[in-house]
Amino acid sequence: MLRAVERHRHLLDFALASLLRRKGKNAALIGVYTLVVFLLGSTLFFTHGIKREAARLLAEAPEIVVQRTVMGRYEPVPADWTEKVRALRGVSEVQPRLWGYYFDPGLKANYTFLVDRRAEPGKVLLGAALSRARGAYPGDTISFDAFDGTFTSFEVTGVLSEASELLSADLILIAEGDYRRLTGAPAGLVTDLAVRVPNAKEVPAVAEKIAGLFPHARPILRSEILRTYDSLFDWRGGMMLAVLSATLLAFLILAWDKATALSAEERREIGILKAVGWDTGDIMLMKFWEGCSVSLLAFGAGSLLAYWHVFAGNGFVIVAALKGWSTLYPSFRIAPYLGPEQLITLFFLTVVPYTAATIVPAWRAATVDPDQVMR
Amino acid sequence: MILAPNVLALLVASGATALLTALAACHGVGILRHWDLSSGSERQLALERRTYLTSALVGTVLSFELLSLFLFVSSADRIAPLLIGAMCAVGTLQANGYGFATLYLKLALFLLSGLWLVLNHADNLVPDYPLIRPKYLLLLVLAPLSAAEAVLEALFFLRLKPDVITSCCGSLFSSAAGTETDLAALPPRTALIALVAAGAALLLCAFWTARSQRRLAPLLLGAAGTVHFAVALAAIISAVSPYVYELPTHHCPFCLLQREYRYVGYLIYPALLAATVTSVGVGALAVGRAETAAGELPRFRRRLARWTIAAELLFLGIVAACIATSQLTLR
Amino acid sequence: MIETVGITKTYNQGKPNEYRALREVSVTVEAGEFVVIKGPSGSGKTTLLTLVGGMARPTSGRIFVSGREISSLPERFLTEIRRQSFGFVFQSLNLIRGLSALENVMAPAYPSGEPHTRLRRRALELLERFGLAGRAGAKVEWLSGGEAQRVAIARALVNDPAAIIADEPTAHLDGALAAEFLDLLAQLNLQGKTVLVTSHDPRVWTGRAVSRVIELRDGAVVSADGTP
């Protein structure tokens with residue numbers, strides 16, 4: 001047992017020394033390997049991080065949002081629905097919500113107005129990205145075009161925290177009266193209803209009852225939104241990986257080629273080792289350790305770089321491809337998170353193909369005839 | 001179709017695995033057809049060199065298969081929220097006919113490649129390659145299985161429609177019909193008694209194999225290992241899972257791999273797989289005619305038996321700890 | 001200690017360029033002998049050494065080392081016997097460039113799994129014995145011809161083999177170095193090592209320590225009991 005461990009140690013030592021002796025050739029390989037791990041890892045970590053972020057934000061969202069459709073199109077909801085929904089069994093709270101979009105031709109961006117009790121009449125709170133884009137900070141005045149063409153000004157009293165910026169980047173909190181004046185929304189109508197159902201198992205039943213109560217109602221479940229986000233980001237990440245797989249393929253061809261094209265010097269060295277008492281298995285084990293060291297180094301360095309890139313650098317290399325459903329890019333930071341699953345996935349996408357591609361060349365190298373050194 | 005990163009990773013891995021097994025099988029065919037130990041011809045020398053490649057290939061396949069087994073289950077778990085009604089891995093795997101088939105194939109491939117490596121090691125202990133034929137015939141079984149696994153896995157993910165309503169583990173393991181339900185319906189106490197009995201039998205046979213030279217001992221150990229594997233899976237579904245989850249109706253064997261349950265599955269399942277591969281391996285060695293290996297084989301057999309003991313003690317220990325620390329009492 | 005029974009070695013079997021390097025060679029080398037195999041180039045001397053040393057297998061015939069047949073052994077069993085039985089010194093020395101003298105001496109023993117400190121100590125003792133203690137850490141490409149040659153011998157001895165096998169050891173050496181090398185071989189032979197050398201160099205086969213000369217021509221033995 002101990003002898004076997006010692007044998008592995010010796011062969012690992014020898015493999016490391018022989019890697020160091022061929023610095024040029026191996027540095028190029030490790031460099032490309034690291035780059036591939038970095039690119040795939042960034043995509044993976046970013047996709048996963050953004051999914052977690054969305055799930056975290058939606059965790060506080062209501063279980064059901066009730067909208068209304070008329071002639072297949074979305075319409076505001078009568079505020080008197082609120083009491084009827086609240087009376088349903090399993091519903092703990094119903095909140096009528098008033099909100100809408102606003103297009104700013106100057107910035108060519110859409111804002112989201114949301115009526116919120118935090119905003120006093122004549123005052124608004126801004127999302128961080130919006131505040132940056134308009135250069136409007138607490139104490140400043142901000143103006144919007146109302147529906148009737150008048151120009152309305154508000155005092156900015158606060159900026160929303162960046163922690164939840166993904167969904168609130170373009171948000172403006174406003175008082176109800178101000179909002180109805182700005183948009184002409186008639187009294188007695190709200191945008192939708194936020195319904196709280198504490199018991200998750202009752203959610204589908206409540207949604208069904210709401211649909212039965214009001215034929216025009218369109219209840220949307222939180223789990224459905226979550227599912228949509230999940231599949232959206234999974235899809236984007238998957239597409240990105242599919243595109244990157246071309247890079248992976250190129251790398252595998254490089255690795256195969258490097259492993260197959262033994263220099264005369266390396267062939268001679270293996271021949272000598274076999275002549276002085278190593279067998280094919282020993283050489284293969286040595287090659288195995290060589291591959292492990294290369295993979296470990298590239299995988300470690302690549303994942304660390306990707307981690308730094310995504311969680312400290314905001315994924316500046318890949319962000320445009322993965323995010324971007326709004327003109328105002330939120331400059332949020334994804335909460336750093338790295339689970340074993342991401343690492344195993346990354347491992348499967350990089351180390352597993354590398355191993356598969358180099359195993360036959362390693363065997364070929366190991367079967368060099370020992371008697372060639374005598375010729 | 002679901003194109004999540006971990007799905008891609010699994011497809012890459014199963015493709016690579018199928019490729020490597022096919023390659024090993026190709027070399028295996030050459031070895032089966034032209035093997036002639038008495039010859040000193042260049043062809044025979046080349047064939048003997050190929051044996052090094054095939055063992056390296058199968059060793060790699062084994063490790064890929066083990067990792068992908070766990071990634072497959074955890075991916076199925078991750079995908080569950082995308083499928084209406086699926087609350088964990090079971091629901092995802094049930095979403096179409098390929099899910100469980102892929103899982104069983106993965107399990108079979110892991111056990112068979114483990115068995116192959118045991119045979120291979122024994123074969124390499126003596127100069128006259130006593131197991132060369134059974135070994136490479138087994139390899140010919142492995143290759144189509146591995147190809148089938150890659151195809152089924154791809155079909156599984158391709159046919160997975162994110163809007164299909166599937167059952168969740170709650171309904172699969174509590175009310176509906178099928179083998180899994182029968183297992184869940186097994187009285188927990190009976191299942192635990194069976195597990196203790198099978199575990200004790202396995203340990204006894206392993207001790208006996210480690211001590212004695214009789215051929216019966218390893219044969220019994222192999223049989224005990226097979227029975228124990230089946231009993232252990234049944235016991236995990238019917239009794240161990242509810243104890244871990246502290247819910248008498250929750251029988252899902254995959255949730256054990258989740259963080260909520262301290263990843264306890266990552267200890268339980270590898271220990272069970274190790275005990276199974278080593279014990280069944282010992283049995284297979286005794287069935288195959290490897291007696292020529294006078295001095296070395298019994299030593300290898302004893303070592304395997306000791307590994308069985310260690311893995312089984314770990315397995316039973318964790319299961320016992322889970323039950324002892326649980327707030328739940330089942331009758 | 002070494003016995004070959006009717007060994008034949010054919011290269012490129014069944015192809016147009018088939019070539020029989022050895023025909024029906026039967027020779028015996030007793031333990032403790034100093035045997036020189038002589039013959040013109042192309043006579044099969046080196047092929048005979050590679051077969052005896054277990055680096056290649058004969059096409060037919062058998063080879064026994066210390067009473068054990070090695071000609072039909074698979075490589076993984078042969079290697080262990082080779083490590084215990086033979087130390088090799090090659091015509092072009094074949095040291096591994098980029099490694100130190102010490103590492104070159106240790107390399108043959110790596111797969112045996114001997115604890116590193118013990119192996120290192122043994123290798124250092126060997127280097128000391130050949131007056132190379134001060135050069136242990138030097139890369140082999142910085143060694144002089146004589147030093148490199150002694151490192152090669154130390155490497156052949158690291159597994160403490162029963163026999164030393166050397167292929168044309170003096171081919172590239174001037175008079176002084178050749179004499180020094182033959183002296184070292186003679187000393188090892190005195191200490192009980194069997195020595196088997198191929199050469200077409202008269203300086204080798206007329207050496208005092210040589211106990212027997214085997215002559216090969218065209219892959220066959222011409223005489224097996226020639227005296228120096």
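This is a predicted model: local features need pLDDT of at least 70, side-chain atom pairs count only at pLDDT 80 or more; totals for chains, interfaces and linings use all residues.
Figure 1. B:F254 touches B:V73, B:D77, B:C88, B:A89 and B:V90, leaving aside residues up to four places away in sequence; two residues are in contact if their C-beta atoms, placed from the backbone, lie within 7 Å. B:F254 also belongs to the largest nonpolar core, which has 221 residues. A nonpolar core is a set of buried Ala, Val, Leu, Ile, Met, Phe, Trp, Tyr and Cys residues joined through C-beta atoms within 7 Å. A residue is buried if 20 or more other C-beta atoms lie within 10 Å of its own, exposed if 12 or fewer, and partly exposed in between, with C-beta atoms placed from the backbone. The members that touch the most other members are A:M284, B:L119, B:A235, B:F254, C:V105, C:V151 and C:I164. A second, separate core has 37 residues, among them A:V85, A:A119, A:A129 and A:F154. Local features need pLDDT of at least 70 and side-chain atom pairs count only at pLDDT 80 or more, whereas totals for chains, interfaces and linings use all residues. Residues are numbered from 1 along each chain as its sequence is written, and chains are lettered from A and ligands numbered from 1 in the order in which they are written.

**Figure 2. The two domains of chain B.** Domain 1 spans 1–161 and domain 2 spans 168–331 of chain B, with bounds from an automatic or database domain assignment. Their C-alpha centres lie 22 Å apart. In the contact between them, domain 1 of chain B supplies 26 residues and domain 2 of chain B supplies 25 residues. On the side of domain 1 of chain B that touches domain 2 of chain B, α2, α3 (89–94) and α4 (98–123) of chain B each give at least two residues. Helices (H or I, at least four residues) and strands (E, at least two) are DSSP runs, numbered from the N terminus. α4(B) gives the most to this side, with eight residues. By class, this side has 18 nonpolar, six polar and two charged residues. Ala, Val, Leu, Ile, Met, Phe, Trp, Tyr, Cys and Pro count as nonpolar, Asp, Glu, Lys and Arg as charged, and the others, Gly among them, as polar.

Figure 3. The contact of chain B with chain A takes 26 residues from chain B and 28 residues from chain A. On the chain B side, α1 (5–34) and α2 (42–79) are the elements that give two or more residues. The chain B residues that touch chain A divide into 22 nonpolar, three polar and one charged. Towards chain C, seven residues of chain B are in contact with 11 residues of chain C. The chain B side of that contact has two nonpolar, three polar and two charged residues.

**Figure 4. Strand β1 of chain A and its partners.** β1 (residues 64–70) runs antiparallel to β13 (residues 217–221), joined by five bridges; strands pair if DSSP finds at least two bridges between them. A:R68 has A:A217 as its bridge partner in β13(A). Three bridges join β1(A) to the antiparallel β12 (residues 192–196), where A:L193 is the bridge partner of A:V66. Three bridges also join β1(A) to β2 (residues 73–75), again antiparallel, and A:V70 stands opposite A:R73. The hairpin of β1(A) and β2(A) has two residues between the strands, and A:M71 takes a positive phi near 55°.

**Figure 5. The β5–β6 hairpin of chain A.** Six bridges join the antiparallel strands β5 (residues 99–104) and β6 (residues 109–115) of chain A. A:W99 has A:L114 as its bridge partner in β6(A). Four residues lie between the strands of this hairpin, and A:K108 in the turn has a positive phi of about 50°.
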